[in-house]
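Colleague: I am new to this structure and would like to go through it with you. Could you show me the sequence and the model?

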Amino acid sequence: MAKSALLKSSLAKKYWMAFTGLFLCLFLVGHLFGNLQLLIPVSEGARDQFNEYALFMTTNPAVKVLSYLTYFSIIFHAIDGIILTINNRKARPTGYVSFKPSTNTMWSSRNMGVLGTIILAFIVVHMAMFWGELKFGGLEDTVYTTENGQEVRDLYTLTVKTFQDAEYGLWWAVAYALAMVAIGFHLSHGFSSGFQSLGVNHPKYNGFIRKTGWAFAILVPLAFAVIPFYIHFVLEKI
Amino acid sequence: MNLTLKIWRQKNANAKGKVVTYQVSDISPDMSFLEMMDVLNEQLIEKGDEPVAFDHDCREGICGSCNLQINGEPHGPDRGVTTCQLHMRRFKDGDTIVIEPFRAKAFPIIKDLVVDRSSFDRIQQAGGYISVNTSGNTQDANSIPIEKDNADMSFYAATCIGCGACVAACKNASAMLFTSAKVSQFALLPQGEVEADRRVLQMVEQMDKEGFGNCTNTGACEIECPKGISLENIARMNREYLKASLK
Amino acid sequence: MGTFESNTPKGPLAEKWTNHKNNINLVNPANKRNIDVIVVGTGLAGGSAAATLAELGYNVKTFCYQDSPRRAHSIAAQGGINAAKNYQGDGDSIYRLFYDTIKGGDYRSREENVYRLAEVSGNIIDQCVAQGVPFAREYGGLLDNRSFGGVLVSRTFYAKGQTGQQLLLGAYSAMNRQINRGKIKAYNRHEMLDIVKVDGKARGIIARNLVTGELERHSAHAVVIASGGYGNVFFLSTNAMGSNVTASWKIHKKGAYFANPCFTQIHPTCIPVSGDHQSKLTLMSESLRNDGRIWVPKKKEDAEAIRAGKKKPTELSEEERDYYLERRYPAFGNLVPRDVASRAAKERCDAGFGVNKTGEAVYLDFSSAIMRYGKEAATTQKIDNPSDAKIKELGKEVVEAKYGNLFQMYEKIVDQNPYETPMMIYPAVHYTMGGVWVDYNLQTTIPGCYAIGEANFSDHGANRLGASALMQGLADGYFVLPYTIGNYLADDIRTGAISTDTPEFEAAEKEVRERIEKLVNNKGTKSVDHFHKLLGKIMWNKVGMARNEQGLKEAISEIKELREEFWKDVRVPGSADEMNAELEKAGRVADFLELGELFAKDALHRNESCGGHFREEYQTEEGEALRDDENFMYVAAWEYTGNPSEAILHKEELNYENIEVKTRSYK
C-alpha cells in the first residue's frame, strides 16, 4: 500500500507537484543571479563574464546534474499538472448553471493550468532562442573565444542584440515581461501552495510563508523582467 | 418580497434535468431560505404540480442535510451558515435566485436538488474511527490528560457536519477538506494516534476511489464551509499521509 | 417476557443491575453469528446499540430516514451529558444523580431504571473519551464540567454547544467500524412502516426505500425501536423536520403499550415564534442559564412600550426589571428545572409582561455575566483599574468562548446582537418523556421488540433534567440493551434464519401498500402541512403548557374531526414509486393525528399536575404543580384497541423504596 501511495494516490500527485514546483523556485533564484550579470556595463567586461558563466553552466558536471533535475522537474510538473487537470475535470462531469468562484478564491489559484501552459510555451521559445542556439546552433554569427581558447557561441552578444534590435527589440522585451507576469501569478499561488501540499501549515508560520510567497512572486519575475528593458533602454549599444 | 427562482428540476437519477423558473410572492425577510422553499412547494402542491425535492432536517445548521447551491455558492452568499440558517433578509425584493444541487461525480443526483452523499459515509467507514470496543471496560476518562489546545483543535475538526459544501465549492470537486477533518479529529488525540497511519492511508484510498477531484489549494472550501473547518486540516492530512506512506 | 411486568430484579437497589447481569441468559459467540437484529433509528440510542450489538457478534441491520446515520437528531443536542463522576469534588455520587433525576421527574419514573442509568453514567464518559469524543478540557488536560438545571453540582460534560453532535459522531464512528467489518448493514433513506409479528413475536419490519419507493421486507430475531420522540405532534418544536412517531406508533398498534404520552417537555429557552411561516423552532441551550439571567419588566407600561418598539430593554434600570425566577426560586434561581422555568415564563407573559411583538417572549440577559467574567479576566491579566468598556470587552471574549456558536445562531435567526441586547426566549416543545412502555430489560409488551432512548418512557418520569437525554440514549444503547436483549435471544439460537416469504410478511406489506396507495390516490385539496399545522395549533393551545378538562375534551374531538378530514381531503402529489417527500410526511402526520388524540386522553385522565404535565385545576395557591400521589403515582400504559380514544389503560404502580417522595421544591 505504502508504495503505490507515494505514486498513484491523489496526495502523491500533490507532493510531486509541490516538490518539483518548489525546486523550480530555487532554480529561478539561481537563474536570476546569472541574468543579473547582464546589468554589468559593457565597458566593465560584461561580455567576458557572462559568456564564461554560460560556459560554466553548460559544462560543469554538478551543474549538469542540477540542470537535468530542472528539466525533469519542468516536464514532471507539467505532466502531473495535466493529469491533475484532467482528473479534476472528470470529478464534475456536469457543471453548474451559476458558479461564482470569484467570491471565494483568487483568480491565479483557479487558473494554474492556463498560467502553466503560458509558461511552458515561454520556456519552449526561450530555450529555442538562447539555450538551443547556444548548444546546437552553428558558429556563423558572433563567436566568443574562451580563456582556454575554445570557440563558443557568444551568448552575451546574442542576448543583448536581441533586445537592442531597433525593430523587434522592444517587442521581445514586452513579450518576455508578459511571460514574467504569468510566472508571477503562477508563483503567487504556487509558492505557498507548495508548502501547504507538503503539510507545512502552522498558524505561527503561515503569515511568513504567505508573505514570502508574495514577495517571491513579485520580486523575482520583476527582476527578470527589468533586465530586457534595461538592455533596450539603458545599456550602451553594442 | 417577490422573487424569481430558477431551480434545477430532475425527475430521477437517469432523467435529464433542466432549469425551471418560478415566481414566489409575499416572502417575509424573517423567513429562512428553506421556509421560502416551503412556500414555493405549498404553491406547487396547490396547483397540482410536484413540489421541489430538497434535503433538509434539523433546520438549525447542525445535521448537515441541507445542501443547496444558491446563486453559484454552496449554502448561498452568507458565510458560516448552512442553507437552513440563511435568511431571506439577505436578498432584495425582485431578486432572481438560481438554486442548484451540489454537483460532483461522487454526489450523483437522486431527484431535483437531492444528491447522494453516501461517498462521504464510505470514506469514514474506511477508517474514520478508533478501534475500541464499546464494552465499557475502558480506563477512566481522566486517566489520559490531553493538552487543551489539541483537544480543542480536534473538536473544531470534528464539528464538520458532512454537508458537502467543500466539494460543491471546489472547482475540482475535491473532498479533501472533509476527509482531512475526519483524519485530523482522531490524529490530534492520543487515543487516535495508535492507528493513525492505517487510518489516513485507507481513508485517502477510499476518497480517491469515490471519484472526487484533487486539491489544488484554492481555499474555496474553507471559505464556504458553514462550520469554518480550516485548511490546516488538509495540511495535517498531507503530513500524516506522507509520514504513513514513507513507513 | 413480553408481558406487562416491570421485571425489575430483586435485592438492594445498588446491586440490582449487577445481579441482573449475572443472572440473565447469554448467547455464546458462535450462536450470535446466526442471529439478526434490526435497529430502527440511528441516533445516540440506536447508533450505540447497533455498534455494540454488532461488536458482540450479532448481525445488525440499521434503518434511518436520513441519508446518513450521522444526521439523526441527537446531533442537535447542545448542552451536555450528565455523569456521576464527581470530578469536581462537589459531592456528586451515583445516588445523588439518581435522586436528582427522580425528583426532577416529579416522582413518576421507575426507581430501578433510574438507578441503573446513574450507575452506568460514568462509564459512558470513559467510553466516549476512548472513542475520541473531544470533550471540553481544562488547561491541565482533564475534563471540564458545567451545571445544568435542577441540580446543585457540576456534573455535565460538554463539547461547547455541540455535545450531541460529538457524541453522535462517536457512536457513528463505532458503527462505521462495524459497517467496515460487515457486521452492520446500514439501510439509509429507509423508513420503517410496520412491524411484522410471527407467533406473537417481533420478527421483522416492512420498510420503504425512500429513494425508489419500493417496499422491502426485513426479518430479524429481534427489533429495536430507537426512533426518538414525538414532539413534532405539535408541528412547531425543536425536533428535526423529519422526526416522527411512526415506528413507535406502528408497534403500539401491533400490541406495544404506549406510556405517559402526555409527559412532554416544554423547553424554556427557545427562540420565539416570529410568524406563520415558521417551520420549526430553535433551542438555545440550557447551559445559557448558567450565565444568563431571565427577566421581564416590572411595570406593565414598560412591557407595552417595549412591545411597541418605543423602549429598549437596555434602557431599563435594574430596579425596573423583574428577575422572576430569582425572585420566586432563590435556591435554584435561573437554574430551576425546565418545566418550572417554562411555566414561570408563560405565567409572566399571560399576565401581560411579554416583551416581543406577540407578547410571548422574555429576556435572557448576559450583561451581568459579561461584566463578571470581564472583571475576572482583568484580574488574571493583571490589568489595574480597567475601564468599563475594557471589562465588557474582556467579558464578551469569555462569553464568546463559552457560547459563541449559540450566540451566532441567535443572531442569524433574530438579526439582533445578543452581546449588546438581551436575547428573547420563549418555551417550546423539545422532548417527550412519554413513549413506548418497556420493562426493566427495555422490552415492550411485544416479545422481541425493544424500545430505547427517547422512544421509550422509562427514565425521566414527568420531566427530564437537562443533559440527561444524551445520557439515557447512550446508556440504553451501549450498556443496557446489549445485555438484556441476550436474555431474550438466548431462546432463539435454534430458530435459524427467518424467512420473509410468509403470510405474516405478506399481510403486513399489503397493509402498508394499501395505506400508501390510499394517500397517493386521495387527490384531495389540502396539503399535508395544512393538516399538520392545524393539529399543532390544537395541541399547543389545548394540550400544551397548561391544560384543563374542557380544553382537553375539545382537543380530543377536534383531533378526531381533523383526522377524518385529513383522510378525506389530503393531497399527496407524485407517485408511490419514487422519492416523494410529501408522501413520507403524509404517513407521519396520519400517525400524529392518532397519537395526538391518545396524548390528550392521557392528559385528561391524569387529574393532577406533575412535571411537564400541568393541569390548571390542580395547582397550589402560588401556581406550583399539585401532585396527587395517592391516585396517580403510576405509569399510564395504553393498549391500542383500534381507536386511540378507546385505548385501554393499564397501570404500573410506582414504588419508591429508596427515596422519600416529597413535594418538589426549588425555592
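Modeller: What follows is a set of questions and answers about this predicted model.

Colleague: Which chains share the most contacts?

Modeller: There are 2 pairs of chains in contact. Chain A and chain C are not one of them: no contact joins the two, and their closest C-alpha atoms lie 18 Å apart. The pair that shares the most contacts is chains B and C.

Colleague: Which helix gives the most to the side of chain C that touches chain B?

Modeller: This contact takes 65 residues from chain C and 66 residues from chain B. The elements of chain C that each supply at least two residues include helix H3 (44-56), helix H5 (111-131), helix H6 (163-181) and helix H12 (388-414). By class, this side of chain C has 24 nonpolar, 25 polar and 16 charged residues. With 9 residues, the element that gives the most is H6(C).

Colleague: And on the side of chain B that touches chain A, which element gives the most?

Modeller: Here 40 residues come from chain B and 38 residues from chain A. The elements of chain B that give two or more residues are strand S5 (96-101), helix H7 (196-209), helix H8 (220-224) and helix H9 (232-246). By class, this side of chain B has 15 nonpolar, 13 polar and 12 charged residues. The element that gives the most, with 8 residues, is H9(B).

Colleague: Taking chain B by itself, what percentage of its residues are buried?

Modeller: The secondary structure of chain B comes to 9 helices and 7 strands. Its C-alpha trace spans about 60 × 35 × 35 Å along the principal axes. Among contacts in chain B between residues at least 6 apart in sequence, 70% join residues at least 24 apart. Of the 247 residues in chain B, the buried share is 64%.

Colleague: Which are the edge strands of the open sheet in chain B?

Modeller: The sheet has 5 strands in the order S2-S1-S5-S3-S4 (chain B), and the pairing is mixed. An edge strand pairs on one side only. In this sheet of chain B, the edge strands are strand S2 (18-24) and strand S4 (73-74).

Colleague: Which residue of S5(B) is the bridge partner of B:Thr4?

Modeller: Two bridge pairs reach across to S2(B): B:Trp8 is partnered by B:Val19, and B:Leu5 stands opposite B:Tyr22. In S5(B), the partner of B:Thr4 is B:Thr96.

Colleague: What angle does the direction of helix H1 of chain B make with that of S2(B)?

Modeller: Helix H1 (residues 33-47) of chain B packs on the sheet, where it touches S1 and S2 of chain B. The direction of H1(B) makes an angle with that of S2(B) of about 95°.

Colleague: Chain C is divided into domains; which helix gives the largest share of the side of domain 1 that touches domain 2?

Modeller: The domains of chain C are domain 1 (268-428) and domain 2 (501-632), and their C-alpha centres lie 34 Å apart. The contact involves 6 residues of domain 1 and 6 residues of domain 2. On the side of domain 1, these are 1 nonpolar, 1 polar and 4 charged residues. The largest share of that side, 5 residues, comes from helix H10 (residues 338-353) of chain C.

Colleague: Why are the buried residues of helix H8 of chain C on the same side of the helix, and what do they pack against?

Modeller: The buried residues of helix H8 (residues 300-307) of chain C are C:Asp302, C:Ala303 and C:Ile306. They lie on the same side of H8(C) because they cover an arc of only 100° around the axis. On the other side of H8(C), C:Lys300 and C:Glu301 are exposed. The buried residues of H8(C) pack against strand S12 (293-297) and H10 of chain C.

Colleague: Which residue with a positive phi follows H8(C)?

Modeller: H8(C) runs over residues 300-307. The residue that follows the helix has a phi near 80°, and its name is C:Gly309.

Conventions. Residues numbered from 1 in each chain as written. Chains lettered and ligands numbered in written order. Predicted model: local features only at pLDDT ≥ 70, side-chain atom pairs only at ≥ 80, totals over all residues. Contact = placed C-beta atoms within 7 Å. Helix = DSSP H or I, 4+ residues; strand = E, 2+ residues; numbered from the N terminus. Nonpolar A, V, L, I, M, F, W, Y, C, P; charged D, E, K, R; others polar. Pairing = 2+ DSSP bridges. Axes fitted to C-alpha atoms, helices over the stretch in contact; angles between N-to-C directions. Domains from an automatic or database assignment. Buried ≥ 20, exposed ≤ 12 C-beta atoms within 10 Å, placed from the backbone. Arc of directions from axis to C-beta.
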